[in-house]
Amino acid sequence: MNNFKYLNQELFAENVSVTQLAKQFGTPLYIYSKNYIEQQWLAFDQALAGRKHLVCYAMKANSNLAVLNILAKLGAGFDIVSQGELERVLAAGGDAGKVVFSGVAKTEAEIARALEVGVRCFNVESIPELYRINEVAKRLNKKAPVSLRINPDVDAKTHPYISTGMKENKFGISYEIALEVYKEASRLSHLSVEGIDCHIGSQLTELTPFLDAADRVLALVDSLEKEGIHIHHLDFGGGLGVCYNDEVPPTPAEFVKAILKKVENYPHLEILFEPGRAIVANAGLLVTHIEYLKHHEDNHFAIVDAGMNDLIRPALYESWMKIIPVSQKTNQAQSYVYNVVGPVCESSDFLGKQRELAVEAGDYLAVCSAGAYGFGMASNYNSRPKPAEIMVDGNKAYVIRQREKYTDLWAGEQLIG
Ligand SMILES: Cc1ncc(COP(=O)(O)O)c(C=O)c1O
Ligand SMILES: N[C@@H](CCCC[NH3+])C(=O)O
């Protein structure tokens, strides 16, 4: 469990007791390990040593300013999908020149802002977007660096909601027309064609789909060369999976090594990656308090104070996330197979189903691997304040976001009449 370990039957985040944090800051509570985040980013970066490269953290996975700042200090780039994300990078001390801008619906205002601060590259997802970027760049008298996000039509073998590289997905430009679109891009006066980008989905646990996509990208590089279009970088996106249960995904080093082998005959091209989940998922826990246990015939519910508004992955994708007791000391309790459910008024409000646990009301549970797509997807549904976020570094714990106050819930709302 990485930097979360039991010591004398008590769960620790690095060197800090999770029970102590839960008591001090209340629950639900997100806890992250700084050293794990650094270790994971460095695993990508170091595996790329010897080759011109940039590891752009896909910040949608966890966009807390402290997380971004830790990575910015290591030299990370960032993959963004909105102006909000761009402003966060800047607020966290990130370098705009290391930002790649993905996303299918970039507005004129977003494009203008990205040009103004000088992002590294736009990952263009459609032909109309290409024209729009050219127009905005012309108006601002700039040249926009672009890379086309190619949809290679490869099955990522992941949950359909997080697969992005197949024909029926809204993302990227179809492989069949890519060459023609590159030709058009190179004719447009205010664009500079920089690279090829490809991201086929998230939580991939096998190398094969990545390697198939890489083959298609490299075939396109060759076709472009023949047309006299010389690109400078290849961006292989993110998507590397993590272990939630018993998956055994490749490590970042294995993944990078396999891609580097593919591109060894293209030594002049800089290599970019956009990992999100692999950097932060297992850096985080969501801690929750058991309010009640409810038993009815064969149905056993552990009713906790964290809901789908705090962590939506189980409800949205039926994701399986490990749930463990924070203290194993009280486990004299009788064991039952529980559905761990939250306070939200939806039947889909669960964190885990059919989990064998020996727990009592008042105990704390931790949902593991919650560092990615946890807080970032949280909402205020049922007027529930978003939880606090804590960053642990060795034996120190920092509040990196306060729990929302009730008054935050209606900030900006106005009475009429
Ligand atoms: C364009 C792009 N890049 C990178 C990522 C990061 O993916 P992951 O968190 O699976 O590494 C995503 C999300 O799937 C994405 O849409
Ligand atoms: N939100 C998803 C991943 C989406 C990746 C973004 N394209 C998850 O929680 O697994």
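Three strands form an open sheet in the order E1-E2-E3, with antiparallel pairing. Strand E1 (4–7) and strand E3 (16–17) stand at the edges with a single partner strand each, so one side of each lacks a neighbour in the sheet. Strand E2 (residues 10–13) pairs with E3 in the antiparallel sense over 2 bridges. Here Ala-13 stands opposite Val-16 in E3. Strands count as paired if DSSP finds at least two bridges between them. Helices (H or I, at least four residues) and strands (E, at least two) are DSSP runs numbered from the N terminus.

The model is predicted: local features need pLDDT of at least 70, side-chain atom pairs count only at pLDDT 80 or more, and totals for chains, interfaces and linings use all residues. Residues are numbered from 1 along each chain as its sequence is written.

The UniProt annotation "binding site", from an unreviewed entry, covers Arg-277, Arg-313, Tyr-317, Glu-346 and Tyr-373. These residues span 97 residues in sequence, and the farthest two C-alpha atoms are 26.9 Å apart, so they do not all gather at one spot. UniProt positions follow the numbering used here, feature names are shortened, and annotations may be inferred rather than shown by experiment.

Arg-277 lies in helix H10 (residues 277–280). It is buried, with 27 C-beta neighbours inside 10 Å (buried: 20 or more other C-beta atoms within 10 Å; exposed: 12 or fewer; partly exposed: in between; C-beta atoms placed from the backbone). Arg-313 lies in helix H11 (residues 313–317). Arg-313 also counts as buried, with 20 such neighbours.

Conventions. Chains are lettered from A and ligands numbered from 1 in the order in which they are written.
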